[in-house]
Amino acid sequence: MNLIPNLEKIIVERRQSDDISAGGILMPEVSKEDLNEGNIVAVEEADPLFKVGTYIIFNAYSGTEVSEAGKTYLVIGNEDVIAYRTDV
């Protein structure tokens, strides 16, 4: 990835909902929703809190979508992160 976020911003690859619902129904592509969680794919070097690969949960309507090499990512501010895992 050639994108580098500015200060106190991170770039996230969002997770999508599963192909099969909890009841066992196969979900069509149009009904899948983007979840408010994902993995960090880029972070500013001086960020003491986050690392590439960290799993995070973030606010529902935060960030800006960007496309790079045919993939869509979300650029969000550190303040929009609700929780993260430290065992990555």
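Select Val12 to begin: beyond the residues up to four places away in sequence, Val12 touches Gly38, Asn39, Ile40, Val41, Ile56, Phe58, Tyr73, Leu74 and Ile76, where contact means heavy atoms within 4.5 Å. The model is predicted, so local features need pLDDT of at least 70 and side-chain atom pairs count only at pLDDT 80 or more, while totals for chains, interfaces and linings use all residues. Residues are numbered from 1 along each chain as its sequence is written, and side-chain values use heavy atoms, with hydrogens and water left out.

**The whole chain**

Switch to a cartoon view. The chain has zero helices and six strands, in the order β-β-β-β-β-β from the N terminus. Helices (H or I, at least four residues) and strands (E, at least two) are DSSP runs, numbered from the N terminus. Of the 88 residues, 28% count as buried; buried means under 20% relative accessible area, exposed over 50%, and partly exposed in between, with a 1.4 Å probe and protein chains only. Among contacts between residues at least 6 apart in sequence, 51% join residues at least 24 apart.

**The nonpolar core**

Next, select Ile10, Val12, Ile40, Val43, Phe50, Ile56, Phe58, Leu74, Ile76 and Val81, the 10 residues of the largest nonpolar core. Two or more of these residues come from each of β1 (9-16), β2 (34-43), β3 (55-58) and β5 (71-77). Such a core is a set of buried Ala, Val, Leu, Ile, Met, Phe, Trp, Tyr and Cys residues joined through side-chain atoms within 4.5 Å.

**Leu74**

Leu74 is buried, with a relative accessible area of 3%. Leaving aside neighbours within four places in sequence, the contacts of Leu74 include Ile10, Val12 and Phe58, as well as Ser62, Gly63 and Thr64. Draw a distance between the C-alpha atoms of Leu74 and Gly63: they are separated by 6.0 Å and lie 11 residues apart along the chain.

**The aromatic pair**

Finally, display the aromatic rings. Which two residues form an aromatic pair? A search of the whole structure finds one such pair, made by Phe50 and Tyr84, edge-to-face at 5.2 Å centre to centre with 75° between the planes. Rings of Phe, Tyr and Trp (its six-membered ring) pair if their centres lie within 6.5 Å; planes under 30 degrees apart count as stacked, over 60 as edge-to-face and the rest as tilted. Phe50 lies in the loop between β2 and β3 and Tyr84 in strand β6 (residues 81-84), so the pair ties together parts 34 residues apart in sequence. Phe50 is buried at 3% relative accessibility, whereas Tyr84 is partly exposed at 36%.
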